[in-house]
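Subject: A structure for you to explore

Hello! Here is the structure I promised to pass on. Please open it beside this email and follow along as you read.

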Amino acid sequence: NAEENGNGDGKSSLRVIVRKGVHKTKFGFEPPLVSEWRKRGWGYHQILAQQYDDDGDGNRNSNKLGKYSSEYEPTVPTETALRILRRHALCFDTTFREDLATLCITRYHRYGEAASLLLQLLNNEEAGISGSGNSFRTSKPSLSSGVFMSPNGTTRHELWLRFAEVCTGHPREAKVAGVDFDGIVRAVLKGHDALGAASGTADSGGSRVKGGIGVDGQGLGFQVFDRSSSAFGATEDDNDRTQQQQQQQNTDTRVINHRLGEMEGTLWTRLAEYHVRAGDFELARSVYEEALDAITRVRDFSLVFDAYVKFEESVIEALMELMDDDEEDEDADGADGMDEGGSGKAKSKSKSENTTDDDEDMDILLGDNAANEESAGASADVELAMARAEHLTARRPLLLNRVLLRQNPHNVGEWIKRSKLYMDLGEVDMATSALEESLKSVIARKSVNGSPSSLVLTLVDIHENERKDVDASRRVLERICSKNEYDFQDTEDLAQCHAAWVELELRQENWDMALDLARRSVSGKIGASGAHGKRSSKAIKGLAKSLRLWNLLFDLEESLGTVQTTKDAYDRALEWKVATASHVLNYATFLKDHKYFEESFAAYERGLGLFPFPHPGAQMLWKNYLTMFLERYEGSKTPRVRELFDRCLADCPPEAASEFYIQYGEYEENHGLTKRALSVYERMCNAVPAAEKYTAYRLYIAKAIHYLGVTSARPIYESAIAALEDGPASRICLEYAKMETGLREIDRARTVLVYGAQLADPRRDPDYWSAWHDFEVSHGNEETFREMLRVKRSVQAAFSTVNYNAAEMGAGAPKVETLTDEGALEMIASQEGVDLQEKPLIGGFVQGKRTAEMADLGEVERRAARLRQATGAVTNNAIATNGADDEIDIDDIEEEEEEETPTPAGKVGVK
């Protein structure tokens, strides 16, 4: 059972096919070859144990494909072992193909067969096995079989990298084995099928082999990605088949991008390296360029671009080394010529014997030219390589920008950046081409990082300012604005394009054309039917209500048009309800400047109909309307003026009413009746918000005093005190007391001060009490001064339970209700949920208790009056004795006040 077979070394070896124990049972001993195999083993188990731990650290290194060492050299011939392992992988254990590929790389150095095996694993070509005894039958692999599951835990990504490394490191062996690495990688990266039959040799049974593995029938092609069987089935119609193939191709493209992940850039660099190692430098350069135009990730771009730059640098270094070697050779030849100078005559004689003088001169001439041409060609190659490297480096921003645009072609900012990059390089035509391409690529509803109108405006600016081609700018704007070649999503973007067209004509001093374009843009007739007969979009329909275009039209009509055309434009805007309050104001001002006063008032009326209160523009319109009307008619048409003011104040909110009341009152003062003016100010005091009432009452009081006298202000003061808050009311009381003091009504002034004292907390309003103090010093006596001090103590007691924030001290704060001590304690007890218990009395002290009667200032005054009656005689005797005429010793009173025992908070003590 042995036959002679030739191996790669030209030596002969025996292939022995023997079953275990058969030879020993039959003959009583084992042949030497079988004995040696049994002694040392098959030789690949030790290698497989080392293939994932080649560095000896105990860690798996599944991506490394270096040379693995073994403890011994097998005695089995290489071809014999490979055939046995192939049969085992084909017929018994298909998962053994991964180990077989590793053996082909690490031990047997069959790189082509390893590449073919790895390709089968990536395509998951598994042969069905059936048979009995010594006969085996194989079936064709199923394209719809599942993904290959490595028994060693190798991932598909690792298989791809291992396959790429083998094909890149040994391109010729892979090509001889029938592995088209270029086609495979391009099919994977571009989403197409790479179909082909691997080359092989016929075995003894007449079957073709693929990648070194015998398959019954014919050579099998490879499929890069699994497809369902229905994708390959015949359809009834060719169109349906084409459509299904297109859909399947799109699906495969999405699946490819998902499965490749971070491997896309690596595969491109491996493919370029494959051609570099094969010696196809130009093809490798084209692969790099193709990769830069195909990748969609910045990380992959960095990998490919760095590899491309290193490749160009290596080419430059190689060319420089060749030039240095040539120079060294020339120097060596020159030195050899100098050494042989002494025997020149003998050499010339021998040469003349063989050749003629003319031939010798021709050879010398051709030799010098050839050397010069060779050196010139080498330097030109170096310069060309350096120019390529510099050009590549200069193109990096553009290439990176292209990658970002492939990620999102609707990125407006990147398109504009691309045009600026071309402009920086001085390539104006490329910049315009990029912007034209952007208008075809960017979809308005998907645009990001800018508005689509900026693309058009940038393109127009380049044509006008850089290329000095105004006609080209007009053609672009005509395509966008008139022919509607671009479908805008937002009306504002299209309005910007129309405004740019008008401004372009204005810069070219085509006044009539600019005015005509502005009128047409808001006419509502533009874009009645879109491009190619389509219905106009929402953006086109909204042009008639674009404020940008209306503002532009108004400016042009006032500057270039006639009065009638301007009036028509404003009237149309008011009719379509697209005018704003500013437009109404400008319209009225325009009519006023041209002496159309009644029409200007009519414009105000139309504007107030569009913008009534509480619209913010209503206040501005009423203010200008009333001012213009008063300037026009001054004192005439009084009933009409009063009607306007009454209409305005009837709907005016309180926050804006004070301005109109003051204007109304001034008009009545100048052109009407004083009584009407005072009634207007009175209405103002009741209509304005609480924060402005104090100022309104002061104005009302001042006007009343001016026209009716001082005494007429008393009822106004009283109504103001009743209507205002505590803080403003106390200040009004001071002014009221000052007025009564000026009238020498001291008792009335003191009464006002006593009344206002209950509104002024001494802690927050010390000015009130200092004013009362000065008043008593100037106009009072000891009794009234003491009464003032008693009132102050009682007010302090009344406000003792009120707490203020630091920000409220000294500032106006809302009025709060005061509480007695008992009320405060009861409130705190109820909040805390505890029972209020009386504290026991302490010996030597009397428990102070404020009754409800003491809470009233009237009760305090009554008790003070009784005390004055009891002490009246003593006081009169003291005055008669001293001979003083109601003089008060302030120092003595203050000393007595200091000697008095301070009354606790909430208690009123009377001596």
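**What I found**

Let's start with helix α25, which covers residues 563-575: it has 13 residues and reaches 18 Å from its first C-alpha to its last, close to the 18 Å expected at 1.5 Å a residue. That expected span is 1.5 Å times one less than the number of residues. Helices here are DSSP runs of H or I with at least four residues, numbered from the N terminus.

Before going on, please keep in mind that this is a predicted model, where local features need pLDDT of at least 70, side-chain atom pairs count only at pLDDT 80 or more, and totals for chains, interfaces and linings use all residues. Residues are numbered from 1 along each chain as its sequence is written, and side-chain values use heavy atoms, with hydrogens and water left out.

Which residues of α25 are buried? They are T566, K567, A569, Y570, A573 and L574. These residues lie on the same side of α25, because they cover an arc of only 160° around the axis. The arc is taken from the directions that run from the helix axis to the C-beta atoms. "Buried" means under 20% relative accessible area, "exposed" means over 50%, and "partly exposed" is in between (1.4 Å probe, protein chains only). Among the elements covering the buried residues of α25 are α24 (547-560), α26 (581-593) and α27 (597-610), where contact means heavy atoms within 4.5 Å. Just after α25, K577 has a positive phi of about 60°.

**Salt bridges**

Side chains of opposite charge can pair when their charged atoms come close. A salt bridge is counted when a side-chain nitrogen of Lys or Arg is within 4 Å of a carboxyl oxygen of Asp or Glu. The structure holds 42 salt bridges.

R285 pairs with E312, with their closest N and O atoms 2.8 Å apart. Because R285 lies in α12 and E312 in α13 (residues 298-339), they tie together parts 27 residues apart in sequence. Both R285 and E312 are buried.

E289 forms a salt bridge with R395, at 2.8 Å from N to O. E289 is partly exposed, with 23% relative accessible area, whereas R395 counts as buried at 19%.

Happy exploring!

Key. Helix = DSSP H or I, 4+ residues; strand = E, 2+ residues; numbered from the N terminus.
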